[in-house]
Amino acid sequence: MSSETKPPRPPRIRRSAGDRLRQALMVLAEHQGQVITHSEKAWASITFAGTRHSLSLLFAGEDAVEAGERFVAALPDHEFAIPGQLVADAGIVEVEHRLSPSPRMVVQCDLLLLEDA
């Protein structure tokens, strides 16, 4: 192979705002949660455009449930750093706890992301 011929680079995978949001939520959840559902819907007002995201996260096991409790407490006031996006609203919609046969918690949250112009 000559010095001028380079092997082809694999295509760069472009991460969406939803991908970045899921990653930011996993950091906030101390990597103890698992996204089990994620839907997004376009959202717009006269002055802003963005997407509304609805996610369910599963925290399974005692340590994960404790991390989930901290996640629930922190989410509404958390300052996200998602390139090109502003998190205008973040809230917990529902929390379901189960202790038997093992501790688990499912958290439903909604977030509104606005495009940062």
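Reader: What share of the 117 residues of the protein counts as buried?

Author: In this predicted model, 30% of the 117 residues count as buried.

Reader: Why is Asp 63 called exposed?

Author: Asp 63 has 55% relative accessibility. Exposed means over 50%, so Asp 63 counts as exposed. You can find Asp 63 in helix α2, residues 62–74. Together with Glu 62, Glu 66 and Glu 69, Asp 63 forms a negative surface patch.

Reader: What makes Arg 22 and Asp 19 a salt bridge?

Author: Their closest N and O atoms are 2.3 Å apart. The cut-off is within 4 Å, so the pair counts as a salt bridge. Both residues lie in helix α1 (residues 17–28), three residues apart, which is about one turn of the helix.

Reader: Why does Arg 22 count as partly exposed?

Author: Arg 22 has 26% relative accessibility. Buried means under 20% and exposed over 50%, with partly exposed in between, so Arg 22 counts as partly exposed. Asp 19, with a relative accessible area of 28%, is also partly exposed.

Reader: What makes Glu 30 and Arg 70 a salt bridge?

Author: Here the closest N and O atoms are 2.7 Å apart, and the cut-off is within 4 Å, so this pair counts too. The pair links distant parts of the chain, 40 residues apart: Glu 30 is in the loop between α1 and β1, and Arg 70 is in helix α2.

Reader: How do you know that Arg 98 and Glu 96 form a salt bridge?

Author: Their closest N and O atoms are 3.9 Å apart. That is within 4 Å, so the pair counts as a salt bridge. The structure holds three salt bridges.

Note on methods. Residues are numbered from 1 along each chain as its sequence is written. This is a predicted model: local features need pLDDT of at least 70, side-chain atom pairs count only at pLDDT 80 or more; totals for chains, interfaces and linings use all residues. Side-chain values use heavy atoms; hydrogens and water are left out. Patches are made of residues with over 30% relative accessible area and no salt bridge: like charges are joined within 9 Å, nonpolar side chains (Val, Leu, Ile, Met, Phe, Trp, Tyr) within 5 Å. Accessible areas come from the Shrake-Rupley method with a 1.4 Å probe; for residues, only the protein chains shown count as cover. A salt bridge is a side-chain nitrogen of Lys or Arg within 4 Å of a carboxyl oxygen of Asp or Glu. Lys and Arg count as positive and Asp and Glu as negative; His and the chain ends are not counted. The place of a charge is taken as NZ of Lys, CZ of Arg, CG of Asp or CD of Glu. Helices (H or I, at least four residues) and strands (E, at least two) are DSSP runs, numbered from the N terminus. Buried means under 20% relative accessible area, exposed over 50%, partly exposed in between (1.4 Å probe, protein chains only).
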